[in-house]
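Subject: Structure handover

Hello,

Here is the model for your own work. My notes follow below it.

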Amino acid sequence: MFYRKNVGPKERFARFIGGAVMAGAAFVWLGFTPLGWLVAAGGVTGVLTGMVGFCPACALVSRRLDETPR
């Protein structure tokens with residue numbers, strides 16, 4: 001791949017589960033309204049970043065896995 005993963009395994013799992021719950025709950029509680037679709041899209045984004053292991057927002061702030069917090 002052409003990118004370096006910037007999301008660790010525990011966070012990937014949390015993003016995947018959280019995004020799936022968010023996408024499902026959006027349609028249950030908000031229905032198929034524009035707001036429901038918007039919230040579901042945010043959930044799908046979480047699922048995708050969890051599956052791939054790369055988050056563009058984290059890349060914008062130069063987050064890497066090989067760095068330890070100080």
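Of the 70 residues of the protein, 27% count as buried (buried is under 20% relative accessible area, exposed is over 50%, partly exposed is in between; 1.4 Å probe, protein chains only). This is a predicted model, where local features need pLDDT of at least 70, side-chain atom pairs count only at pLDDT 80 or more, and totals for chains, interfaces and linings use all residues. Residues are numbered from 1 along each chain as its sequence is written, and side-chain values use heavy atoms, with hydrogens and water left out.

Overall form

The protein has 3 helices and 0 strands (DSSP runs numbered from the N terminus: H or I for helices, at least four residues; E for strands, at least two). The pattern along the sequence is α-α-α. The radius of gyration is 14 Å, while a compact globule of 70 residues would have one near 11 Å (taken over C-alpha atoms; the globule rule is 2.2 Å times the number of residues to the power 0.38). Along the principal axes, the C-alpha atoms fill a box of roughly 40 × 25 × 20 Å.

Contacts are pairs with heavy atoms within 4.5 Å. Among those with a separation of 6 or more, 68% are between residues 24 or more positions apart. The protein exposes about 5,300 Å², and carbon and sulfur atoms supply 72% of that (Shrake-Rupley method, 1.4 Å probe; for residues, only the protein chains shown count as cover).

Salt bridges

How many salt bridges does the count come to? There are 2 salt bridges (a side-chain nitrogen of Lys or Arg within 4 Å of a carboxyl oxygen of Asp or Glu). E11, R15 and R63 are linked in a network by them.

- R15 pairs with E11, with the closest N and O atoms 2.9 Å apart. Both residues lie in helix α1, 4 residues apart, about one turn of the helix.
- E11 also pairs with R63, and here the closest N and O atoms are 2.5 Å apart. This pair links distant parts of the chain: E11 is in helix α1, R63 is in the segment after α3 (56-60), and 52 residues separate them.

E11 counts as partly exposed because its relative accessibility is 25%. R63 is also partly exposed, at 33%.

R15 and T49

R15 sits in helix α1 (residues 9-30), and T49 in helix α2. Their side chains make a polar contact of 3.2 Å (a pair of N or O atoms within 3.5 Å; within protein, one must be able to donate a hydrogen and the other to accept it, and residues adjacent in sequence count only if both atoms are side-chain atoms). T49 has 7% relative accessibility, so T49 counts as buried. Beyond four places in sequence, T49 is in contact with R15, F54, C55 and P56. With the same exclusion, R15 touches V7, G46, V47, T49, G50, C55, C58 and R63.

Nonpolar patch

F13, F16, I17, V21, V44, L48, M51 and V52 form a nonpolar surface patch, with about 730 Å² of accessible area together. Patches take residues with over 30% relative accessible area and no salt bridge; like charges are joined within 9 Å, nonpolar side chains (Val, Leu, Ile, Met, Phe, Trp, Tyr) within 5 Å. Helices α1 and α2 are the elements that give two or more residues to this patch.

L48 is in helix α2 (residues 34-52) and is partly exposed at 47% relative accessibility. L48 and R12 are 36 residues apart in sequence, and 9.4 Å apart in space, C-alpha to C-alpha. M51 lies in helix α2 too. M51 is partly exposed, with a relative accessible area of 49%.

Best wishes
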